[in-house]
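Have the model open while you read.

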Amino acid sequence: MDPFDSFLKDYSGVIPDFQEYLEDLRRPMPLYFRINTLKTSMAMVKNLLARDGIISEDTCIPELLLIKKQDPSRQLLAYYLGLIYPQALSSCLPVLALSPGRTDRVLDLCAAPGGKSTHMAQLMRDMGLVVANDRKLGRLTALMANIKRLGITNTIVTQARGEHYTSNIQFDKVLVDAPCSGIGRYRIDPAGRIRHMRCGKTDLPAIQKALILRAFDLLRHCGVMVYSTCTLNVEENEGVLHYLLQKRDAEITHWEPPVTWSPGIDKFRKQEYDSRVRLARRFYPHKVRSVGFFLARIIKR
Amino acid sequence: MAFLEKRFGMDATGFSPWQIYAFRRQAFLFRRQQDGPWFQRDSFVRCGLPFMRIVAGFLKPTTVFIQRFGNRASRNCIDLSMKQIAELCTNGSLHISKITGENRIIDAPGYVVIRTGGLDLGIGLIMEDERLLCRFPKSIRQALSR
């Protein structure tokens with residue numbers, strides 16, 4: 001069976017309003033721009049976008065604009081001046097859950113291409129410290145280009161495998177936006193093919209489990225960690241949280257997102273997970289009009 | 001910092017929350033850490049924002065630095081109209097006799113901050129023959145030459 005058909009079979013009873021979800025997969029993913037408030041104001045960017053024929057609309061996230069109409073052939077001056085960053089609405093949520101402060105030392109363990117790292121730097125008003133790490137040099141190039149384009153000065157870029165990351169400091173906050181199967185990004189094109197499907201035999205849950213443990217160990221006492229993925233797959237989400245709760249003295253905390261959410265799943269097929277995983281947040285693409293996402297806010301006790 | 005103060009009138013004390021890292025011919029501006037540094041130089045790939053380079057023996061502020069901190073400049077700044085910007089980007093140069101009045105605050109030939117409508121776009125270079133050369137990256141030149 002095709003992996004996506006298998007996914008649909010397993011999740012038809014899990015995803016709310018499943019028929020609506022299937023219909024939504026055929027619609028193009030809405031485009032959002034995050035405004036770089038380190039360099040400019042919302043009003044200035046709106047004017048600049050209007051000059052380029054772009055119609056935008058405010059969203060529930062103050063620094064994020066929904067793009068209603070855009071000529072794809074135009075080169076956007078606002079982009080080259082580092083005033084905007086194209087970013088999905090749900091992709092902003094892990095940073096909002098982490099809520100980095102101006103004096104915090106924050107680690108982004110899987111940072112490239114830098115959407116969340118730069119968003120954190122922006123919320124910190126370019127103060128404190130952001131360590132943006134990724135393991136692949138090619139991906140670091142995009143990360144460094146984005147940090148530079150957005151004019152950020154509080155960020156150090158490191159290259160290491162997240163599972164083996166070493167540091168002589170402990171962090172106040174850690175973000176693990178783990179590599180995943182990306183089911184939340186799936187779209188069905190007019191020819192009926194699945195777009196953004198990742199094929200491969202990588203054991204993603206094993207990597208994610210190693211990442212979440214390492215990230216947790218890098219946190220200071222009472223530090224906050226956010227684990228997030230852009231997949232709806234339970235093994236990569238609740239399964240990984242369950243593993244952390246078994247191995248470490250971690251606590252998943254309540255967080256109220258600004259968009260529609262569903263709780264984590266503690267029973268799936270024949271597997272039962274720690275009931276605390278219900279405190280995690282699931283964001284379905286047809287409910288948030290963006291990429292499907294999963295996140296959990298965790299505190300080190 | 002002395003160069004920025006002398007050439008662009010940027011208050012050097014305004015940059016006290018930052019420290020400077022120099023790598024070869026480029027300097028980086030990095031937010032000063034309260035009890036740092038904890039990172040060895042060989043443990044990171046990049047640190048902070050590139051802000052100054054040496055070009056042909058002269059200091060040149062980077063475009064990304066000007067776009068972020070250019071609003072602190074009070075001297076050697078040129079405010080151009082979008083039409084003049086388009087001409088500058090298309091032809092690569094503009095004669096400064098076309099720029100008049102309060103929009104032109106230039107001490108001497110050298111690097112200048114180019115602005116339009118409250119936006120700092122990047123760096124230009126005033127030559128002895130009073131031509132303003134465009135020193136924007138290609139991507140910005142292309143986006144502006146429409």
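This is a predicted model: local features need pLDDT of at least 70, side-chain atom pairs count only at pLDDT 80 or more; totals for chains, interfaces and linings use all residues.

Residues are numbered from 1 along each chain as its sequence is written, chains are lettered from A and ligands numbered from 1 in the order in which they are written, and side-chain values use heavy atoms, with hydrogens and water left out.

Over all chains, a search of the whole structure turns up 22 salt bridges. Here a salt bridge is a side-chain nitrogen of Lys or Arg within 4 Å of a carboxyl oxygen of Asp or Glu. Helices (H or I, at least four residues) and strands (E, at least two) are DSSP runs, numbered from the N terminus. For accessibility, buried means under 20% relative accessible area, exposed over 50%, and partly exposed in between (1.4 Å probe, protein chains only).

**Salt bridges within chain A**

- Asp24(A) and Arg187(A) form a salt bridge, with 3.1 Å between the closest N and O atoms.
- That pair links distant parts of the chain, 163 residues apart: Asp24(A) sits in helix α2 (residues 18–24) and Arg187(A) in strand β9 (residues 187–188).
- Asp24(A) counts as buried at 9% relative accessibility, and Arg187(A) counts as buried at 6%.
- Glu235(A) forms a salt bridge with Arg269(A), the closest N and O atoms being 2.7 Å apart.
- Glu235(A) is in the loop between β11 (219–229) and α9 (238–247), and Arg269(A) is in the loop between β14 (267–268) and β15 (271–272), so this pair ties together parts 34 residues apart in sequence.
- Glu235(A) is partly exposed at 28% relative accessibility, while Arg269(A) is exposed at 53%.
- Asp10(A) joins Glu235(A) and Arg269(A) in a network of salt bridges.

**The salt bridge between chains**

- The count between chain A and chain B is one salt bridge.
- Asp126(A) and Arg68(B) meet in a salt bridge through their side chains, at 2.6 Å from N to O.
- Asp126(A) lies in the loop between α6 (115–123) and β6 (129–134) of chain A and Arg68(B) in helix α2 (residues 63–69) of chain B, so the pair joins two chains.
- Asp126(A) is buried, with 0% relative accessible area, and Arg68(B) counts as buried at 12%.

**The wider A–B interface**

- Chain A puts 36 residues into the contact and chain B puts in 31, where contact means heavy atoms within 4.5 Å.
- About 2,900 Å² is buried between the two chains, with carbon and sulfur atoms giving 61%; buried area is the accessible area (1.4 Å probe) that two parts lose on being put together, summed over both.
- Lys148(A), Thr153(A) and Ile156(A) supply 20% of the area that chain A buries against chain B, more than any other three residues.
- β7(A) and strand β3 (residues 46–47) of chain B pair in the antiparallel sense over two bridges, strands counting as paired if DSSP finds at least two bridges between them.
- In that region, Val157(A) stands opposite Arg46(B) in β3(B).
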